[in-house]
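These are my notebook entries on one structure, written down in the order in which I looked things up.

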Amino acid sequence: TTARNALTSVAGDMIYNTTDSKVQVYNGSSWDDLGGVAAFKIESLVIAGGGGGGGYNGYIPGTSEGASGGGGGGAGGYRNTYASENTGGGGSTETPIFLEPSTNYTVTVGAGGSGATSHTSGNDGNQSIFVDIYAVAGGGGGRQQGTGQNGGSSGGGGGHPFGGYNAGSISNNPTQGFVGGNGRTSNPNQVGGGGGGAGAAGQYPPNTSTGGNGGNGLASSITGSSVTRAGGGGGGVATNVTPGTGGTGGGGNGGKAGGTGNGVAGTNATANTASGGGATGGNGAGGVVILRWATADATIGATRTGLTDGNVQTDGSDSYIVFTGGTGTISFS
């Protein structure tokens with residue numbers, strides 16, 4: 001290195017540096033390594049936005065059809081490369097990736113889907129992305145008389161007097177969450193299934209007087225303390241029975257159909273947990289992208305335009321950053 005620094009060099013000059021044991025090239029202002037990639041390991045938790053809760057059908061006077069509940073929203077697809085913690089759907093830890101300094105990498109945090117307050121299915125969430133790690137959006141809950149939407153975790157199925165509707169299917173390449181619960185047949189009161197969570201399936205309603213509970217989420221300690229995220233939303237019901245509760249990790253509770261004037265709206269999923277919204281109007285929560293790396297290995301750039309984050313934090317010898325919204329590029333030095 002001492003001899004190299006004493007050279008009068010022009011762009012393109014190349015040497016073998018016996019101090020660093022690397023081939024190096026002069027770029028016109030500094031020496032760059034060619035004899036080995038200066039890459040560093042980064043661990044991540046990438047979760048898509050949760051689906052919204054399904055809509056309902058109110059009681060119709062003079063008919064045999066009672067008020068009916070929709071299905072709970074499914075949690076966003078959950079992909080983990082940190083430590084030995086699971087990926088959603090019972091999957092094993094995925095392989096961490098390696099990044100190079102001074103290179104731009106894409107981060108996208110998916111928004112949650114809105115819940116339905118009429119006879120329609122809940123809206124799907126939106127996918128989250130980190131480099132080539134894609135988390136599939138959570139599926140919206142099925143409307144009354146409707147099938148749950150497909151997703152990372154799928155939405156629950158809606159109830160119906162002549163046959164409960166099925167939950168949606170899940171992404172399986174790789175698996176990122178669990179399926180929602182099917183809706184239940186009952187007359188006059190039909191009840192919806194719970195949305196799937198990252199850690200467990202949504203519940204098929206246990207009886208004709210109770211909506212299905214949302215599937216539980218998964219806990220991660222990537223930020224240094226255990227936080228549970230990505231629970232499914234609770235299934236909706238008629239006005240005179242009990243709605244399902246949201247899964248652990250922030251799933252919204254189901255609501256009651258409002259056709260008789262006694263409706264109760266489903267609750268929104270807890271913000272930034274990627275959980276599903278409760279049936280009868282509950283909104284799904286936005287996703288999250290969390291990155292963790294050895295502090296000595298790299299420093300993240302201060303320019304992160306378009307992204308919402310909580311700034312760099314430390315946990316022991318590691319640094320981490322939590323992105324809770326937006327899309328943009330990041331780089332490290």
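**Entry 1: aromatic rings**

I worked from a predicted model, in which local features need a pLDDT of at least 70 and side-chain atom pairs count only at pLDDT 80 or more, while totals for chains, interfaces and linings use all residues. Residues are numbered from 1 along each chain as its sequence is written, and side-chain values use heavy atoms, with hydrogens and water left out.

I noted the rule for rings: those of Phe, Tyr and Trp (its six-membered ring) pair if their centres lie within 6.5 Å, and planes under 30 degrees apart count as stacked, over 60 as edge-to-face and the rest as tilted. By this rule the count is three aromatic pairs. In one of them, the ring centres of Tyr26 and Trp31 lie 5.1 Å apart with the planes at 55°, so I wrote this pair down as tilted. Tyr26 is buried at a relative accessible area of 16%, and Trp31 is buried at 15%; buried means under 20% relative accessible area, exposed over 50%, and partly exposed in between (1.4 Å probe, protein chains only).

Phe40 and Phe332 form an edge-to-face pair, with 5.1 Å from centre to centre and 65° between the planes. This pair links distant parts of the chain, since Phe40 sits in strand 4 and Phe332 in the segment after strand 15, 292 residues apart. I also noted that both Phe40 and Phe332 are buried.

Is strand 12 enclosed or open? Six of the seven residues of strand 12 (residues 288-294) are buried, so this strand is largely enclosed by the rest of the structure.

Two strands pair if DSSP finds at least two bridges between them. Strand 4 (residues 40-47) pairs with strand 12 in the antiparallel sense over five bridges, and here Ile47 has Val288 of strand 12 as its bridge partner. Strand 12 also pairs with strand 15 (residues 318-330), again in the antiparallel sense, over six bridges. Arg292 stands opposite Tyr320 in strand 15.

Next I followed an open sheet of three strands in the order 1-2-3, with antiparallel pairing. Strand 1 (14-17) and strand 3 (31-33) are at the edges with a single partner strand each, so one side of each has no neighbour in the sheet. From one strand to the next the twist averages 35°, where axes are lines fitted to C-alpha atoms (for helices over the stretch in contact) and angles run from 0 to 180 degrees between N-to-C directions. Strand 2 (residues 22-26) and strand 3 pair over three bridges, and Tyr26 stands opposite Trp31 in strand 3.

**Entry 2: Ser220**

I found Ser220 in strand 10 (residues 218-220), where it counts as buried at 1% relative accessibility. A polar atom of the Ser220 side chain lies 3.2 Å from the backbone nitrogen of Ile222. Contact means heavy atoms within 4.5 Å, and, leaving aside neighbours within four places in sequence, the contacts of Ser220 include Leu45, Tyr78, Tyr82 and Glu85.

**Entry 3: two positive phi values**

Most residues other than glycine have a negative phi, and most peptide bonds are trans. Val131 has a positive phi near 55° and lies in the loop between strand 8 (128-130) and strand 9 (133-135). Asn272 has a positive phi of about 60°, and its place is the loop between strand 11 (227-229) and strand 12. Val131 counts as partly exposed at 28% relative accessibility, and Asn272 counts as partly exposed at 35%.

**Entry 4: Thr314**

Thr314 belongs to strand 14 (residues 313-315) and is exposed, with a relative accessible area of 58%. Not counting residues up to four places away in sequence, Thr314 touches Ser319 and Tyr320. Thr314 and Trp293 are 21 residues apart in sequence and 9.7 Å apart in space, C-alpha to C-alpha.

**Entry 5: confidence**

Finally I checked pLDDT, the predictor's confidence in each residue, from 0 to 100. The chain averages 89, and 90% of the residues score at least 70. Over residues 59-65 the pLDDT is below 50, and this stretch has 15 contacts in the model beyond near neighbours in sequence.

Methods: Helix = DSSP H or I, 4+ residues; strand = E, 2+ residues; numbered from the N terminus. Polar contact = N/O pair within 3.5 Å; in protein donor to acceptor, adjacent residues only side chain to side chain.
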